[in-house]
Amino acid sequence: MSNLIVLVVLIPILTACFLMPLLDRPAASRAVSIVTGVLLLLLAAVLLAGAAQGQIYVSPLGNWPALVGIVWVVDGLAAILLLLTAITSLATIVYAPGALRAGAETRYFYLLHQFILAGINGSFVTGDFFNLFVFFEIMLLASFVLIALGGRAAQMNRTFPYVLVNLIASALFLGGLGAMYGTAGTVNMAVLSERVAAGTLPPVFWAAMTLVLAVFVIKAAVAPVFFWLPDAYPEAPTPVLAFFAGLLTKVGLYTLFRSVPLVLGSAPTAFHAVLVVLATLTMIVGILGALGRNRIKEILAFQIVSSVGFIVFGLAVYTPMMVAAGVFYMVHSILITTALFFAGGVAERIGGGDQLGRVRGLARTHPWLATGFFVSALALAGLPPLSGFWAKLFLVVGGFSAGAFAGTATILFVSLLTLGLVLRLWTMIFWGAPLVPVDGSPGHDRAMMGATLTMATAAVGLALLVSPLWSYSEIVGNQLLQVRPYVNAVINGTPALTVPVALEQGGGIP
Amino acid sequence: MILLSAIVVAVLFTASIYLMLSRNTQRVVIGFIILSNAVNLLVLASSGAPEGAVPPLVDSAMVGPYMDPLPQAFILTAIVIGLGTAAFLLAMAARAHMEMGTDKLQDTEPA
């Protein structure tokens with residue numbers, strides 16, 4: 001059962017191998033991608049069913065001891081994210097053909113999508129910091145090419161800084177890892193957690209750890225180091241953008257949720273105090289940036305930054321309820337963001353550009369698109385009974401009961417601004433006299449509409465699943481904060497290190 | 001030795017940051033290559049031989065003082081990845097030059 005974990009990385013890589021000879025046949029590539037996408041979905045569902053019982057799957061690759069080998073772990077957090085990855089990825093593949101420009105963009109999209117999928121899934125399952133670095137690189141390289149797909153001048157100009165920021169962050173991550181290994185003697189998360197708990201690590205270790213955590217903060221796009229995200233994302237082709245917006249930003253958040261409790265323990269520290277301030281700042285900066293832009297994709301990209309603030313705030317306040325609320329918000333945010341970008345992409349296709357004012361009155365010409373956008377937008381703003389309402393309710397209740405008044409008040413204030421933002425989008429795009437004829441106009445692409453409505457339905461469906469999802473989030477929150485379940489599962493699930501005699505006399509493992 | 005490594009790493013970091021602050025894509029690429037070398041050296045220096053530590057060799061008798069092989073494996077992996085990314089950056093810089101007609105990055109205006 002545990003060895004199934006390997007498949008979440010293996011399936012995308014094998015699929016990519018099959019897709020290579022199919023470069024010039026996008027339809028066949030798409031069919032293959034959909035089939036393996038369904039496989040990944042089923043696999044994730046099986047893992048999630050186990051994780052919902054509190055099960056933690058551990059797979060030591062090559063049966064090496066955790067201290068020196070690579071361990072892949074699926075716990076509650078990894079399982080739900082694997083499932084959401086599978087859903088979003090499948091929807092993106094269905095949505096893609098109508099939104100990509102034929103030729104340069106379709107030729108490589110499906111192939112690269114599989115590689116980025118391998119990188120994302122790998123990042124979610126790995127229990128080893130160096131392995132995480134490697135999966136980051138796989139994911140980033142694929143993302144660089146995807147975001148620059150088509151190679152227009154503006155795209156190049158804006159993608160270059162994105163590439164550099166991420167590469168510099170990766171270099172710092174590697175440097176931090178070196179110092180971490182030098183002082184703690186391992187890069188395995190569980191073993192590291194034990195050594196930190198033993199409390200004998202030198203100050204240099206904390207310098208290394210600070211560097212690593214700073215890199216995660218950059219990757220998560222927390223203010224003040226978020227600027228690379230809203231600048232580069234809007235230039236990417238729509239399906240790429242929707243997938244990045246929904247998932248790629250969540251990988252940075254995932255690493256924070258994974259590593260902070262393991263390394264810093266169950267009690268709040270100075271790092272959390274800083275994180276509370278940064279999260280609050282991120283919410284405000286994100287929403288103000290979104291209000292100040294007038295291209296659909298730029299508005300939505302800034303809105304991602306704002307939602308990153310909400311999720312990080314959940315982690316920063318650091319009570320079991322708040323961490324659970326952060327996880328819940330992450331689930332909600334992945335589905336909603338993808339749905340909104342899908343809908344925005346259709347509007348862009350109809351108007352031939354995504355500046356506000358290029359299209360008007362879509363509520364009359366494209367009623368289904370309007371419906372999909374409307375429910376997603378209201379869920380984003382947090383109107384009951386949609387999922388956004390519950391996500392924010394849990395954050396607010398948890399925040400007030402933990403005494404984080406300033407940040408929680410900011411959540412309420414920013415939610416109000418978000419409502420203003422979605423109303424602005426709604427009136428600009430969907431109200432007024434239509435610019436295009438009701439029938440025979442572009443944008444009636446069945447695949448695009450199908451994917452948009454599916455994601456919107458999933459977003460609305462979350463409202464019906466609030467109770468089970470919240471109890472799942474609570475399991476995840478407790479699992480993360482207690483630390484022991486994860487550490488024990490990894491230590492017990494891997495072979496013990498047999499220490500040679502001479503080694504024991506020489507002073508042992510540090 | 002550790003002091004010398006530290007100085008070399010510091011000099012390399014300084015040079016790479018200076019180069020990467022430029023708008024010229026070629027300088028940025030060279031800066032990135034220097035940065036990845038600086039980081040590799042940093043890993044080697046900082047994880048070489050911690051005080052009183054011995055490498056976690058499995059199932060073998062120790063016959064002498066060993067350097068820990070794992071950081072070297074890390075660096076080997078990082079060199080390979082660094083080469084790949086440097087190649088990608090060069091290709092991207094070349095493409096940007098073709099598209100924009102200049103190797104200087106432009107200011108981006110909000111639309």
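Is A:Tyr318 buried or exposed, and at what relative accessibility? The points below take up this residue and several other features.

1. Basis of the note. This is a predicted model, in which local features need pLDDT of at least 70 and side-chain atom pairs count only at pLDDT 80 or more, whereas totals for chains, interfaces and linings use all residues. Residues are numbered from 1 along each chain as its sequence is written, chains are lettered from A and ligands numbered from 1 in the order in which they are written, and side-chain values use heavy atoms, with hydrogens and water left out.

2. A:Tyr318. This residue counts as buried because its relative accessibility is 3%; buried means under 20% relative accessible area, exposed over 50% and partly exposed in between, with a 1.4 Å probe and protein chains only. A:Tyr318 is not a glycine, yet its phi is positive, at about 70°. Its place is the loop between helix H12 (296-317) and helix H13 (320-351) of chain A. Helices (H or I, at least four residues) and strands (E, at least two) are DSSP runs, numbered from the N terminus.

3. A:Asn63. A positive phi of about 55° is also found at A:Asn63, again not a glycine. A:Asn63 belongs to the loop between strand E1 (57-60) and strand E2 (71-74) of chain A. With a relative accessible area of 55%, A:Asn63 is exposed.

4. Cis peptide bonds. A:Ala223 and A:Pro224 are joined by a cis peptide bond with omega of about 5°. A:Pro224 lies in the loop between helix H8 (203-219) and helix H9 (228-232) of chain A. A cis bond also runs from A:Pro384 to A:Pro385, with omega near 5°. A:Pro385 is placed in the loop between helix H15 (367-381) and helix H16 (387-401) of chain A.

5. Aromatic pairs within chain A. Over all chains, the structure holds 30 aromatic pairs. The pair A:Phe133 and A:Phe173 is edge-to-face, because the ring centres are 6.2 Å apart and the planes stand at 70°. Rings of Phe, Tyr and Trp (its six-membered ring) pair if their centres lie within 6.5 Å; planes under 30 degrees apart count as stacked, over 60 as edge-to-face and the rest as tilted. This pair links distant parts of the chain, 40 residues apart: A:Phe133 is in helix H5 (residues 129-147) and A:Phe173 in helix H6 (residues 153-184) of chain A. A:Phe133 is buried at 3% relative accessibility, and A:Phe173 is buried at 0%.

6. A pair between chains. The rings of A:Phe144 and B:Phe88 are stacked, since their centres are 5.8 Å apart and their planes at 20°. The pair joins two chains because A:Phe144 lies in helix H5 of chain A and B:Phe88 in helix H3 (residues 69-100) of chain B. A:Phe144 is buried, with a relative accessible area of 0%, and B:Phe88 counts as buried at 17%.

7. Ring cluster and charge. Ring pairs link a cluster whose members include A:Phe133, A:Phe136, A:Phe173, A:Tyr181 and B:Phe74. Over the ring of A:Phe136 sits the charged end of A:Lys219, 4.8 Å from the ring centre (the criterion is NZ of Lys or CZ of Arg within 6 Å of the ring centre and within 35 degrees of the ring normal).

8. Helix H11. The buried residues of H11(A) pack against H8, helix H10 (238-264), H12 and helix H17 (405-430) of chain A, where contact means heavy atoms within 4.5 Å. Among these buried residues are A:His272, A:Met283 and A:Gly286.
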